[in-house]
Amino acid sequence: MFAAYAARIDADDPLSALELGELPEPQARPGWSVVTVKAATLNHHDLWSLRGVGLPAEKLPMILGCDAAGVDEHGNEVVIHSVIGQSGHGVGPDEPRSILTERYQGTFAARVAVPTWNLLPKPAELSFEQAACLPTAWLTAYRMLFTNAGVKPGDTVLVQGAGGGVSTALVVLGKAAGLRVWVTGRDEAKRARAVELGADAAFESGARLPERVDSVMETVGAATWSHSVKSLRPGGTIVISGATSGPSPKAAELNRIFFLELKVVGSTMGTKEELAGLLSLCATAGVRPVIDSVLPLAEAREGFARLAKGDVFGKIVLNP
């Protein structure tokens, strides 16, 4: 079957490690289902995989792609929860959790095999393209806000980095929850689009804010870390789920963190139950993922290149 996959590892030029071509079909096994993929979406995780982060060379070739919506072998429309081994279903009892493409082949193909436990019903209100946006970036945003941030309606949340899949999800979900949402970004057009999505204000990266915020949603990392810490009110919370600009800021700001009793909370993906909650929210409240563009799988390289350059607003969807 046709697939987009990591053929090798290249930390310096990850796109050179991406190949498009034929790979074997997934094989059914007890407790697993084979899903015909109708839509899948790109994540920064896919670029990190090409660099070898979380993907050992002995697992190559590895079909990329964490997210997907499709149809199972019984004709049910489903969404895939991409954390494998979270519950022990479908894997050995001592196997640690992993994300699709770390141990098991991913979704950038005509079909993918996953534990049956990892399938959730796709709401009829969502298209396959919309549903495929949710299991990674949108689930990450959902957990950041509703599980780890400790915010309540009326609080002010700062989202660092306008335009990415997680940041656009944070804006939409934050407004749906009654939060005041501010965003930062280097690109004026992306800041304007964030306001159109519902952000209450948008600022240049590193700009002094009108007041300190209750919580900061941090996915950028080194480039924005100092600004995130300095933007928090005493006792406020930074939730960090990524570091696209690098994991090592020039200063850790430890003095400010302990003196102002700030909280720093790590957040990774989300649970199957949280994904079910997100799907229900989207179906009942009219919340819809932000889609940048839809490409055929054969043009996956173009999508990867745009993601690597940061030339996106929302999610890039691939149709097999």
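1. A residue is called buried under 20% relative accessible area, exposed over 50% and partly exposed in between, with a 1.4 Å probe and protein chains only. By this rule threonine 101 is buried, because its relative accessible area is 0%. Its phi is near 90 degrees, a positive value in a residue other than glycine.

2. This is a predicted model, in which local features need pLDDT of at least 70 and side-chain atom pairs count only at pLDDT 80 or more, while totals for chains, interfaces and linings use all residues. Residues are numbered from 1 along each chain as its sequence is written, and side-chain values use heavy atoms, with hydrogens and water left out.

3. Glutamate 253 also deserves a check of its backbone: it is not a glycine, yet phi is positive, about 60 degrees. Glutamate 253 is buried, with a relative accessible area of 16%.

4. Leucine 254, by contrast, is exposed, since its relative accessible area is 57%. It lies in helix H7 (residues 254-259); helices are DSSP runs of H or I with at least four residues, strands runs of E with at least two, numbered from the N terminus.

5. The peptide bond from leucine 60 to proline 61 is cis, with omega near -5 degrees. Proline 61 is placed in the loop between helix H1 (44-50) and strand S4 (62-63).

6. Threonine 101 is found between strand S8 (98-99) and S9, and glutamate 253 between strand S15 (232-240) and H7.
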